Amino acid sequence: MRITGGELKGRFTKCPDGVIRPAMDRMRESIFAILGDLSGKSFLDLFSGSGTIAIEAVSRGADNVVLCEKDKIKIKTVLENVSMTEKVMQKKIECHFMPVELFIKRSKSQYDIIFCDPPFPYKFHQDLIESISEYGLLKENGIVLIHRPSEKEMPDKLGNLRKKEYRIYGRSIVDFYEIDS
């Protein structure tokens, strides 16, 4: 997978063993174009897979970047991939290897941007967004993105979060939620 923008643009990450559905380059490039300048912003990558989204966030200026992936088979490759940001940019990505649901319950931090990319068979998309709302992981004026299959519907309001917009990428949809004011 190729980093599509920022300081690490054009570099490649490795794909880990196990089940993985990497976000398409076109989709990642589009999402990060929508998000704009990430300088000084915090970024949480849930269901990280290879770590590429987190690396993309650092490459585009995000400072406090955290990822969470539960699949132990992916640990070695994720750590190898994220080491690129330390070697090239002297920026570290904080890695957590545990179920996302547990991470959300234990987290004491808030983030400007939260990107959720659960496996397509995952059945708890709505619960995931509600948990992010309930545990207060999103900063005021922050945004939660969730990548889902087009056949799975998502409501306009979940907890204190309201869907702002969505984008379609083939059979995938990315919903953008923000705090309802």
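Predicted model: local features only at pLDDT ≥ 70, side-chain atom pairs only at ≥ 80, totals over all residues.
Me: What order do the elements of the chain take from the N terminus on?
Reply: The chain holds 5 helices and 8 strands. Reading from the N terminus, the run of elements is α-β-α-β-α-β-α-β-α-β-β-β-β.

Me: Which strands are the edge strands of the open sheet?
Reply: The sheet is open, has 8 strands with mixed pairing, and goes in the order β3-β2-β1-β4-β5-β8-β7-β6. An edge strand pairs on one side only, and that picks out β3 (93–96) and β6 (157–158).

Me: Over how many bridges do β7 and β8 pair, and is the sense parallel or antiparallel?
Reply: Strands of a sheet pair through backbone hydrogen bonds, in either sense. Here β7 covers residues 161–169 and β8 covers residues 172–179. L161 stands opposite I179 in β8. The pairing is antiparallel, over 8 bridges.

Me: At about what angle to β7 does helix α1 run?
Reply: Helix α1, residues 25–35, lies across β1 (42–46), β4 (111–116), β5 (138–149), β7 and β8. Taking N-to-C directions, where angles can go from 0 to 180 degrees, α1 runs relative to β7 at about 140°.

Me: What is the radius of gyration of the chain?
Reply: The C-alpha trace spans about 40 × 35 × 30 Å along its principal axes. For 181 residues, a compact globule would come out near 16 Å. The chain agrees with that, at 15 Å.

Me: Among contacts between residues at least 6 apart in sequence, what percentage join residues at least 24 apart?
Reply: A contact needs heavy atoms within 4.5 Å. Take the contacts in the chain whose residues are at least 6 apart in sequence, then keep those at least 24 apart: the share is 65%.

Me: How many disulfides does a search of the whole structure find?
Reply: A disulfide needs two cysteine sulfur atoms within 2.5 Å. The sulfur of C15 has its closest cysteine sulfur in C95, 16 Å away, so that is too far for a bond. C68 is in no disulfide either, with the nearest cysteine sulfur, that of C95, 9.9 Å away. The search's total is 0.

Me: Does C68 count as buried or exposed?
Reply: C15 counts as partly exposed because its relative accessibility is 45%. C68 sits at 0% relative accessibility, so C68 counts as buried.

Technical notes:
Residues numbered from 1 in each chain as written. Heavy atoms only, no water. Pairing = 2+ DSSP bridges. Helix = DSSP H or I, 4+ residues; strand = E, 2+ residues; numbered from the N terminus. Rg over C-alpha atoms; globule rule 2.2 N^0.38 Å. Buried < 20%, exposed > 50% of the residue type's maximum accessible area, 1.4 Å probe, protein only.
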